[in-house]
Amino acid sequence: MENHIHRRAGQGPASFDISGMTCASCVGRVEKALRATPGVDAASVNLATERASVHGSASMEAVVAAVRKAGYEAVPAMPDRPAAPAAASPSWRPAALAALFTAPLLAPMLAQLMGADLALPGWLQWLLATPVQFWLGARFYRAGWKALRAGSGNMDLLVAIGTSAAYGLSVYLWLSGDVHGAAHLYFESSATVITLVLLGKWLETRARGQALDAIRALEALRPTQALVRRGGADTLVAVADLRGGELLVVRPGERVAADGRVLEGRSHLDESLLTGESLPVAKAPGDRVTGGAVNADGLLLVEVTAVGAATMLARIIRQVEDAQAVKAPVQRLVDRVSAVFVPAVLLVSLLTFIGWGVLTGDWQAALLNAVAVQVIACPCALGLATPTAIMVGTGAAARHGILVRDAEALEKAHALDTVVFDKTGTLTEGRPRVLAVEVATEAAAEAVGRTDAKGLVALAWAVQQGSSHPLAAAVAAHAREVGAVLQPASGARALPGRGVQAEVGSETIYLGSERLMEELGAPGDALRAAARHETQGRTVSWLARGKPGAVEVLGLLAFGDRVKDGAFDAVARLKALGVTPIMLTGDNAGAARAVAGALGIERYAAGVLPDGKAQAVRDAMAEGRTVAMVGDGINDAPALAAADVGIAMAGGTDVAMHTAGITLMRGDPRLVADAIDISHRTWRKIRQNLGWAFAYNLVGIPLAALGMLNPMLAGAAMALSSVSVVANALLLRGWRPAPGQLSTGAQGPEAQLQTQGENPMYELTVEGMSCGHCVGRVTKTVQGLDAHAKVEIDLPTRKVRIDSRAGLEQIAAAIDEAGYPVTARSEA
């Protein structure tokens, strides 16, 4: 603690845990004290998280002292806490004890309704009410006194004044001997109000604790120990002692202790609590892994690249906490109302007391009505309405792979009517694939014994098997996919800017651009087939064999980026929400036209530079649109910053993610519509909560002032208001993203942007699966037959849906051999 208290707040937003706050008025008082502190530029306090965020150069000591002077306690929030267990439930004992003492006081009233007379003597009522008033209710006096010393008021002050008035009146009537029946004493009113307030606070605290489940679930992912390979020996060390560059040994079933890169081994990792992706993700040497993920089935050796607060998990937790702690703009209205609320309530209470006393002469009734005004006017519900909804909404989003960096982005997202997409890496996969293979002429192919596209691919693979070029990787992947056999080649050499050549068998084979073919003397008629592919934005490479004085063209390979599986569904869902999709890309016009046409996007622009993307976003905003920008690269950062809401794909660069207000932890464009959906639902809850909170006070205060509510009913209504607001917000915990749909793609030639031909869809029932390990094994088995197969597994029902080019019987046999019996199979 001492090491942290001397940090300057100017090093970044400093967070403080604030204790002692009970209502929106407390929040206003703490914020006022913080903003008056020299060196504090801005301060925000959140009642739901009981946390303050302070910007400026003030020292920690000055901030803590200012909060203490205002009547509360502040502790610097630890920046890198260890894994947190589930929070202990708030104590129910004070409310239970208060109810135990209060029940006998209420019994005569209930008995009287049934015609019985069970009046208690005054001394017994006093004995029962006094512990409730001054022991169990002492917290209200302490907090109310602090508020008075700070020159303001809060809910506790209202409860303390109101119940003291009812208790004092009862003591006066009892000791004066003016009455002899218990029915005319009001001990039960003061005791019941305190009991109900304590019960309401317990329920409220318990519900608020549930709202923090998202952060606790993320914190629980942090391992405390790691197995490290040092000097050839495996040693168990504390995670806090890990250093970058060390080697982690991750055994099956264990969590990855830190971010890193796989050096040895293959496995499947369950990253569901980090990304929301339900299926295990295959990992191989060179792949990045994230701390907190669970290793399913293989032994991995991982080089540590980030530890502690620098890990992805720590950054996610920090951003979720920040989003839950920062106020949404709508909360500013609530703060302005709360600042004058308690003084206004005390004035109404005083006027009620005087008015009733003067007009009716019944000063007892006047006092009770004034007490009822104070009790029902509790501003707790008003203070909890917005932050609780934001807490639960951002937590639910985080559980499903949508990371909201600040509350303002969540609030703005509900009003979006335009979404601007970067094409590459956002709507498309961002890496080249072989989309078409064409044999030039049957005679030419037969001359070298290669009569089909598979043979052509095998030859192209042989020519560039030693190349690391992205197009070479695409050829190799496609060759394996179609089952081509790699042939030996020699004398391979690059032809800069044009292609590559190599000796395959006794022939010289060339693979390259149209320019290379022309230089080699290929006839122009043989190259005309490229035009059709180039109009679709594809890159064409020609395959030819050398002949004396010329070359013979064997065929072509057309490369292109593939539209992501979820892009069709994403665009359709946005249109259904009334949101206009726009696509921007730095790619050529043919590629842009093909992708936009396939997805049904009417507005698009090609050849757009980074500053042009930002200008396009500003132009759309100038039309009066509320605009979100979706991107994943450094070149998208200016547009992400310019938009009303920036949405970054987590598979992209850190610059993009830091610029955006919302980060999608999976590269699935369907999450854009899900982010808008959770924003809609959260905003709806905020409006409902604020409406209920204002309604309770606008209706309750006049009724109490008119004598239509006694203090007990007022106390019950006040407790109900806070609990109902929190309970309504907690309904957001049940939010789930819309179920994904496999895209059918577009018709015509553009359909090739998504897939090379239609893949069959299969549905199988697979027995024996019981955990994530089993899911990983089945997924790995299917993808061993088809590396690009899409596998969806519903573990409870044992249903497996597969989109694959492999045959149904082949897939079923492989799964059976893996130890998981297939009991039913069909084409979906």
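Me: How many bridges join strands S5 and S6, and in which sense do they pair?
Reply: This is a predicted model, in which local features need pLDDT of at least 70 and side-chain atom pairs count only at pLDDT 80 or more, while totals for chains, interfaces and linings use all residues. Residues are numbered from 1 along each chain as its sequence is written, and side-chain values use heavy atoms, with hydrogens and water left out. Strands (E, at least two residues) and helices (H or I, at least four) are DSSP runs numbered from the N terminus, and two strands pair if DSSP finds at least two bridges between them. Strand S5 (residues 225–230) pairs with S6 in the antiparallel sense, and the number of bridges is 6.

Me: Which residue in the turn between S5 and S6 has a positive phi?
Reply: Gln225 stands opposite Ala238 in S6. The two strands S5 and S6 form a hairpin with 2 residues between them, and the turn residue with a positive phi, of about 60 degrees, is Gly231.

Me: Which residue forms a salt bridge with Arg229?
Reply: A salt bridge is a side-chain nitrogen of Lys or Arg within 4 Å of a carboxyl oxygen of Asp or Glu. The closest N and O atoms of the pair are 2.9 Å apart, and the partner of Arg229 is Asp234.

Me: In what order do the 6 strands of the open sheet follow one another?
Reply: Each edge strand pairs on one side only, and these are strand S6 (233–238) and strand S11 (288–289). S11 pairs with S8 in the antiparallel sense over 2 bridges, with Arg288 in S11 as the bridge partner of Arg261. The pairing in the open sheet is antiparallel, and the order is S6-S5-S7-S13-S8-S11.

Me: Which residue of S13 is the bridge partner of Leu248?
Reply: Strand S7 (residues 247–250) runs antiparallel to S13, the two being joined by 4 bridges, while strand S8 (residues 259–264) pairs with S13 in the antiparallel sense over 5 bridges. In S13, the residue that Val262 stands opposite and that is the bridge partner of Leu248 is Val302.

Me: How many of the 7 residues of strand S13 are buried?
Reply: Strand S13 covers residues 300–306 and is largely enclosed by the rest of the structure, because the number of its residues that are buried is 5.

Me: Which residue has the backbone oxygen that the side chain of Lys283 reaches?
Reply: Lys283 is placed in strand S10 (residues 281–283) and is buried, with a relative accessible area of 11%. The side chain of Lys283 reaches a backbone oxygen at 2.9 Å, and that oxygen belongs to Arg288.

Me: Which residue meets the side chain of Arg35 in a salt bridge?
Reply: The two partners are 4 residues apart in helix H2 (residues 24–35), so about one helical turn separates them. Within this pair, Glu31 is buried at a relative accessible area of 3%. The N to O distance is 3.6 Å, and the partner of Arg35 is Glu31.

Me: How many salt bridges does a search of the whole structure find?
Reply: Glu623 lies in the loop between helix H24 (610–622) and strand S24 (627–631), and Arg603 in strand S23 (residues 603–605), so the pair ties together parts 20 residues apart in sequence. Salt bridges also link Glu507, Arg545 and Glu552 in a network. For the whole structure, the search finds 17.

Me: Are the ring planes of Phe353 and Trp363 stacked, edge-to-face or tilted?
Reply: Rings of Phe, Tyr and Trp (its six-membered ring) pair if their centres lie within 6.5 Å, and planes under 30 degrees apart count as stacked, over 60 as edge-to-face and the rest as tilted. Phe353 lies in helix H12 (residues 331–360) and Trp363 in helix H13 (residues 363–376), 10 residues apart. The ring centres of Phe353 and Trp363 are 5.2 Å apart with the planes at 55 degrees, so the pair is tilted.

Key: Buried < 20%, exposed > 50% of the residue type's maximum accessible area, 1.4 Å probe, protein only. Polar contact = N/O pair within 3.5 Å; in protein donor to acceptor, adjacent residues only side chain to side chain.
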